Each structure stands twice: as structure tokens, then as C-alpha cells.
Amino acid sequence: MGCMAGTDVLVGRQQGAGENKLIGDLLVLGGATLYGISNVCEEYIVRNLSRVEFLGMIGLFGSFFSGIQLAIMEHKELLKVPWDWQIGKTRSCFTIAYCSENKLCLRL
């Protein structure tokens, strides 16, 4: 919170220029609270359960929710992409390399 206020002062933003200050403050506090709860839950799961299971679930659910967000927010831009075999091959190679790298890092 202090960093946000400090950057506003350094950048020179006008204080009180927003219309819905209370809503903005509540959203920031809610997001910070949920982020803190997320970190505590992650620590609990990693200490008491498997690290591999935790990372697998983060990847699975992260991909699922990111796909939904992509479909909702960027559907028009996805339709503009000229899908061909080169884009598919590049995406497949990236996915295979990324998964292989993650498996190697988990073994360290």
C-alpha cells in the first residue's frame, strides 16, 4: 500500500481525481487479502502434501481458467490469427519444451 501511494506521489498524480475511491480501495484491499490467503494455503499444501501434486494442480487449473479468460476477453483477436501448420508446430514445440524443462526442474 505504501509503495502504491509513494509511486503516485513520485509520478505526480493528482490526489482525489478518481470518482469511486472507496470501491478502488476495497478492491485493492480485497485483492491483497486474497493474495495473502493464497500464499498461506500454498505453503500449507507444499509442506503437508506433494510438491509435484501442487505444481500439477496449479498448472491444470491455471490452464483451465486462463483458457476461459482467453475465450471471453480475446475471442475477436483469436479469430484474426492466420492459423496454419507453422503456428501449430511452433506452439506444440514450445509446449513440449516447457513441460520437459519443468520435469527436469522438479527432479532437482
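**Helices, surface and side-chain pairs in a predicted model**

Buried residues account for 1% of the 108 residues in the protein chain.

Reader: Which pattern does the protein chain follow when read along the sequence?

Author: In this predicted model, the protein chain contains five helices and zero strands. Read from start to end of the sequence, the pattern is therefore written with helix symbols, since helices and strands are taken as DSSP runs. The pattern is α-α-α-α-α.

Reader: What share of the accessible surface of the protein chain belongs to carbon and sulfur atoms?

Author: The accessible surface of the protein chain amounts to about 9,800 Å². The part that belongs to carbon and sulfur atoms is 67%.

Reader: How far apart are the end C-alpha atoms of residues 54-72?

Author: The UniProt record, an unreviewed entry, places the feature "transmembrane region" at residues 54-72. In the model, this stretch is 100% helix and 0% strand. Its end C-alpha atoms are separated by 27 Å.

Reader: What is the area of the nonpolar surface patch that includes L60?

Author: L60 is part of helix α3, which covers residues 51-73. Together with M57, F61, F64, F65, I68, I72 and M73, L60 makes a nonpolar surface patch. The area of this patch is about 860 Å².

Reader: Which geometry describes the pair formed by the rings of F64 and F65?

Author: The structure holds one aromatic pair. The ring centres of F64 and F65 are 5.2 Å apart, and the planes stand at 70°. Planes over 60 degrees apart count as edge-to-face, so the pair of F64 and F65 is edge-to-face.

Reader: Which side chains meet in a salt bridge, and at what N to O distance?

Author: One salt bridge is present in the structure. R47 is exposed at 67% relative accessible area, whereas E43 is partly exposed at 47%. The side chains are those of R47 and E43, at 3.6 Å.

Reader: How many disulfides does a search of the whole structure find?

Author: A disulfide is a covalent bond between the sulfur atoms of two cysteines. C41 is partly exposed at 39% relative accessibility, and C93 is partly exposed at 48%. The number of disulfides found in the whole structure is zero.

Notes: Residues are numbered from 1 along each chain as its sequence is written. This is a predicted model: local features need pLDDT of at least 70, side-chain atom pairs count only at pLDDT 80 or more; totals for chains, interfaces and linings use all residues. Side-chain values use heavy atoms; hydrogens and water are left out. UniProt positions are given in the numbering used here, feature names are shortened, and annotations may be inferred rather than shown by experiment. Helices (H or I, at least four residues) and strands (E, at least two) are DSSP runs, numbered from the N terminus. A disulfide is a pair of cysteine sulfur atoms within 2.5 Å. Buried means under 20% relative accessible area, exposed over 50%, partly exposed in between (1.4 Å probe, protein chains only). Patches are made of residues with over 30% relative accessible area and no salt bridge: like charges are joined within 9 Å, nonpolar side chains (Val, Leu, Ile, Met, Phe, Trp, Tyr) within 5 Å. Accessible areas come from the Shrake-Rupley method with a 1.4 Å probe; for residues, only the protein chains shown count as cover. A salt bridge is a side-chain nitrogen of Lys or Arg within 4 Å of a carboxyl oxygen of Asp or Glu. Rings of Phe, Tyr and Trp (its six-membered ring) pair if their centres lie within 6.5 Å; planes under 30 degrees apart count as stacked, over 60 as edge-to-face and the rest as tilted.
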